[in-house]
Amino acid sequence: MNNSYDLKHRILNYQGRLIHIYFFASLCSDALISRLVEGIEAKYGKNLENCLNMGDVDIVSTNEVQKIQYSLAGGNCVVVDGETTYLIDTKNYPNRSIEEPETEKSVRGAKDGFNESILNNTGLIRRRMKRSDIVFSLQTIGTKNPIDIAVVYIESKVDQKILEQLMQRIKKVKAQELIMSDRALEELILQQGYNPFPLVRYSERPDIVATHIDHGHIAIICDTSSSVMMLPTTMFEILEHVEEHRQTPLIGTFIRLIRLTAVFLSIYLMPIFMLYTSFNKWNIEFFVQVIIVELSIELLRIATIHTPEAISNAMGMIAAILLGQFAIDLGLFSEEILLVSSIGAVGGFATPNYELSLTNKYIKIMMILSIAFFNIYGFILFNICLFIYLVRLKPLGVPYLYPLVPFSFKDLLNFIIRKPKSKRL
């Protein structure tokens, strides 16, 4: 195929028949390759097919594209007499161990998390859902760089209309590259465009994904990604956190209310503070200070993410001093602006979904600009437009603001209050 150093070629002889074996050593299991070669050389079985009896075996004749793609996916091509080709599954992808996700930690409960192997992730879900009607539908998408995905659902619970709509969109994906896998797939099947809000929920915890599937929803496992997509979803589902379900109902409700308050403050605390200040005294210097502080905190967050862990704490301390006490002493910022911005930043860190926290930061900046130019009228108009936009947002036909719009008092109450598990007879 090419001159890559990890492409291996073995030539064997089986009862006078010339056998060529092609495989990529970086993607195949050494043990399975050795077993295959040993079986052919020792002539196990009465015919060649018996020697190849070691898992999934497909036979192709002249489809060169299929042979190449299968080899690039970690398979093994066994060519007999230059005519018949056997495709043998010998995949052994390099992957990291199963660890607890950094962004979804819980004090109690399971500590395992997904990794970049689609097979391992499938096993983690099956371990929690020992049901005969759960389906893992394997799909291959993309053209020049195909990847494998698994659409997971419970056949007896899933909404068939949503499932059919999703499968049709997946089949229409004709992208030539999906190296970013789940992110690219989400944009293609949900037509994300310039919408800033997350239309799917990501998780690296098998217990969260299993619960989502058990409620009749759908999950998509993408090979090479440790995050599993859950859809359809709503904003209220995205705001849930596993820790709320790992504590007693009363404590879980308390944690949830604090978390929701923090999310609210991360968006509206600074705009409300600006409105309060504008009634007393409004000047362009105050507006410039607010923008600089908000952007500086966001810059600090981005820099901390890309800073090696060994020096991230030191850098955070230095940045806090420079942006805090030094800035106040020099008269660059007022104490009130730094305090309000800091509380809003802490509320952003308390947001359970990383994508939503970024969206909330964007919404807050846009709201601040609206207030700067139009004062209270800008605040009211911006929030009306935002609410209308969210009401009209219906990924896969599911209202994004449910159970608020359309209103369901029972489901909204169940979201606010973490009820005890009821006994089902």
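Let me start with a term: a patch is made of residues with over 30% relative accessible area and no salt bridge, where like charges are joined within 9 Å and nonpolar side chains (Val, Leu, Ile, Met, Phe, Trp, Tyr) within 5 Å. A salt bridge here is a side-chain nitrogen of Lys or Arg within 4 Å of a carboxyl oxygen of Asp or Glu.

Now the ground rules. This is a predicted model: local features need pLDDT of at least 70, side-chain atom pairs count only at pLDDT 80 or more, and totals for chains, interfaces and linings use all residues. Residues are numbered from 1 along each chain as its sequence is written, and side-chain values use heavy atoms, with hydrogens and water left out.

The overall picture. The protein chain has 15 helices and 10 strands. Helices (H or I, at least four residues) and strands (E, at least two) are DSSP runs, numbered from the N terminus. Of the 425 residues, 46% count as buried. Buried means under 20% relative accessible area, exposed means over 50%, and partly exposed is in between, with a 1.4 Å probe and protein chains only. The accessible surface comes to about 23600 Å², and 60% of that belongs to carbon and sulfur atoms. Those areas come from the Shrake-Rupley method with a 1.4 Å probe; for residues, only the protein chains shown count as cover.

Back to the patch. L257, I380, I384, F387, I388, L404, F407, F409, L413, I416 and I417 form a nonpolar patch on the surface, with about 970 Å² of accessible area together. Two elements give two or more residues to it: helix 14 (354-392) and helix 15 (409-416). Helix 14 gives the most, with 4 residues. L257 sits in helix 10 (residues 249-280). L257 counts as partly exposed because its relative accessibility is 39%.

Next, the inside. A nonpolar core is a set of buried Ala, Val, Leu, Ile, Met, Phe, Trp, Tyr and Cys residues joined through side-chain atoms within 4.5 Å. Which members of the largest core touch the most other members? Of its 67 residues, they are I170, L185, F197 and I220. Helix 14 supplies the largest share of this core, 10 residues. Another core lies apart from it, with 19 residues, among them I118, A150, I154 and I213.

On to the strands. Two strands pair if DSSP finds at least two bridges between them. Strand 10 (residues 228-231) is covered on both faces: V228 and M230 on one side, M229 and L231 on the other, all buried. Strand 8 (residues 201-203) runs antiparallel to strand 10, joined by 3 bridges. Strand 9 (residues 218-222) is also antiparallel to strand 10, again with 3 bridges. M229 is the bridge partner of Y202, and M229 is also the bridge partner of I220. Strands 9 and 10 form a hairpin with 5 residues between them, and T224 in the turn has a positive phi of about 75°.

Strand 4 (residues 76-80) and strand 5 run antiparallel, with 5 bridges. N76 stands opposite I88. Is strand 5 (residues 84-88) largely enclosed or exposed? Largely enclosed by the rest of the structure, because 4 of its 5 residues are buried.

Last, I147, in strand 7 (residues 147-154). I147 counts as buried because its relative accessibility is 11%. The C-alpha atoms of I147 and C222 are 7.8 Å apart, across 75 residues of chain.
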